Amino acid sequence: MNLDHLYQEVILDHYKHPQNKGLSVAKDVQVHHLNPSCGDELTLNLSMIEGIVSAVTWEGVGCSISMASASVMSGLLLGKSTDQAQIIFDSFLTLMQSKGTQSGDEEVLEDAVAFSGVSKYPARIKCALLAWMAYKDAALQIANRTA
Amino acid sequence: MTLNISAIKKDFPIFERSIRDGRKLIYLDSGATSQKPNVVIDAEGDFYRFRNAAVHRGAHQLAEEATDAYEGARAIVAHFLHADVDEIVFTKSATESLNLLCYAIGSAPLGNIFHLQAGDRIVVTEMEHHANLVPWQQLAKRTGCELVWFDVDSNGRLDLSNIDSLINDRTKIVALTHQSNVLGTINPLSEISKRTHEVGGLLVLDACQSVPHMAVDVTGLDIDFLAFSGHKALGPTGVGVLWGRSELLGQLPPFLFGGSMIETVTMTDSTWAPAPRKFEAGVPNMAQAVGLGAALQYLTKIGLDNIHEHEISLTGDLIAGLQDISHLKIFGPTDLHSRGGVVSFAVDGIHPHDLGQYLDSQGIAVRTGHHCAWPLNRKLGVAATTRASVYLYNEKSDIDALINGVIAAKNYFGVKA
């Protein structure tokens, strides 16, 4: 296995220059997720306006995979409807569970296809999913609140 | 005596396999679990092949032989620790050993020497593995006891300056690790045991990181209980040991109830078998105990002093090599005095998981994370570290590979040289 499949340029770029890092003052919901097996932590602020993701900001400590994934995800979901975001979420989750057999739908996932190599490293999948699970939790809380 | 590492390595079949596309396995994670020599794998397998029967019951030859093998393993453990054979309790893990102790103490009725009441004190340290912290923490919560702890100083040693106020006359239990699984620090027991016994407390030692690596004589340590796990000492998983002074085990209430551990049973009441049987309810992990016996005999044959000396020599090389790398911080003592073969470190700009992943691509197995010692990590001010730990099958070339691997990882991730 070539390590470059895991650490693609896109991932290392996002790790060094993260997007939407730094928590917004205003938010509809704040969630805090952690990975108890390794100590990675992530706080995510989510705001929605009329079913559209209007702001996703985050702060966290963790490895390049978890932090880059938070960065890529925040850029990807911004401006999407909850339905579109769900499609992206499902697509990313499927990619992570693919054990290296899929390369990801670039139309849907854009930069997030760079994480395809992660699915070959079982111990790292939860790193890549940390921010995504935080988003899912936050979106669900907003949905329950408005329901 | 210098160890013949190439001969030792031949005893461990795992070193015949390769890692990550044909690379040599460089195993520096024995602090998490040790590899197993053929004698252990065979002892476990042969128990199932030739002697398998439920111990302590049955009138047939197999039951006799199984019981002999299981009780023989107990005798080996006792000899290894310089303990009496009835002082050795087999559990499924060191974690279970410590939980057994906590739950048994927590159930001791008024009048029993172990009885705890609100306001009593339990003392631990900031460097404990979760297995020797959380059970005591929860016991304290259940009983209304006060949990206090020794701090760790900037050198990774226990700060004993407040020992007399910390271990006060309300102190019933002092539980600490013999050697830190993160820092490698070997703790000074005599001062702590002296103070503990002065106030009438009991000293519990988590010896998971010491018993596999150095000669431990319970009669010389002035302690009351000791726990260690089989799998870190070349033995199988699924077997741990609790040692306790026989007069204490005699008064300690049982924890798990069921078959084997009773003396008499009526529909309304029961009495208990003497220790250690009182603490071994159900059919035990027999093959694993027998495997542990084989592991301890193997270690004895090579010699614990030789193993310790070998590991300290490698640790010196490891620390020196790491200290030569810029922007790298070692957590724990950097002198070899009272320290074992576990070294944790962090490299600026590379998260431990990424470093561990890079090293893995080179065939090098290390541990990354908080090492089940989250409070200590908080004290050190890091979310995670990378840990290398050595054992008798490691050699200087393993250390060199790690050092070169760390340097190459800095290059790979483009951080400051």
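Reader: Hi! How many residues of domain 1 of chain B are in contact with domain 2 of chain B?

Author: There are 22 on the domain 1 side, meeting 24 residues of domain 2 of chain B. Residues are in contact here if their C-beta atoms, placed from the backbone, lie within 7 Å. This is a predicted model, in which local features need pLDDT of at least 70 and side-chain atom pairs count only at pLDDT 80 or more, while totals for chains, interfaces and linings use all residues. Residues are numbered from 1 along each chain as its sequence is written, and chains are lettered from A and ligands numbered from 1 in the order in which they are written.

Reader: Where do the two domains run?

Author: Domain 1 of chain B covers 5-30 + 304-412, and domain 2 covers 41-300; such bounds come from an automatic or database domain assignment. Their centres, taken over C-alpha atoms, are 28 Å apart.

Reader: Switching to the two chains, how many residues does each give to the contact?

Author: Chain B gives 14 and chain A gives 11. On the chain B side, α12(B) contributes the most, five residues.

Reader: Now helix α7 of chain B: which residues are buried?

Author: In α7(B), residues 189-198, they are B:Ile192, B:Ser193, B:Arg195 and B:Thr196. Buried means 20 or more other C-beta atoms within 10 Å of a residue's own, exposed 12 or fewer, and partly exposed in between, with C-beta atoms placed from the backbone.

Reader: Why do they line one face of the helix?

Author: Down the axis of α7(B), the buried residues fall within an arc of 165°, so they share one face. The arc is that of the directions from the helix axis to the C-beta atoms.

Reader: What's on the face turned away?

Author: Exposed residues: B:Ser190, B:Glu191 and B:Glu198. The buried ones of α7(B) pack against α6, β7 and β8 of chain B.

Conventions
Helices (H or I, at least four residues) and strands (E, at least two) are DSSP runs, numbered from the N terminus.
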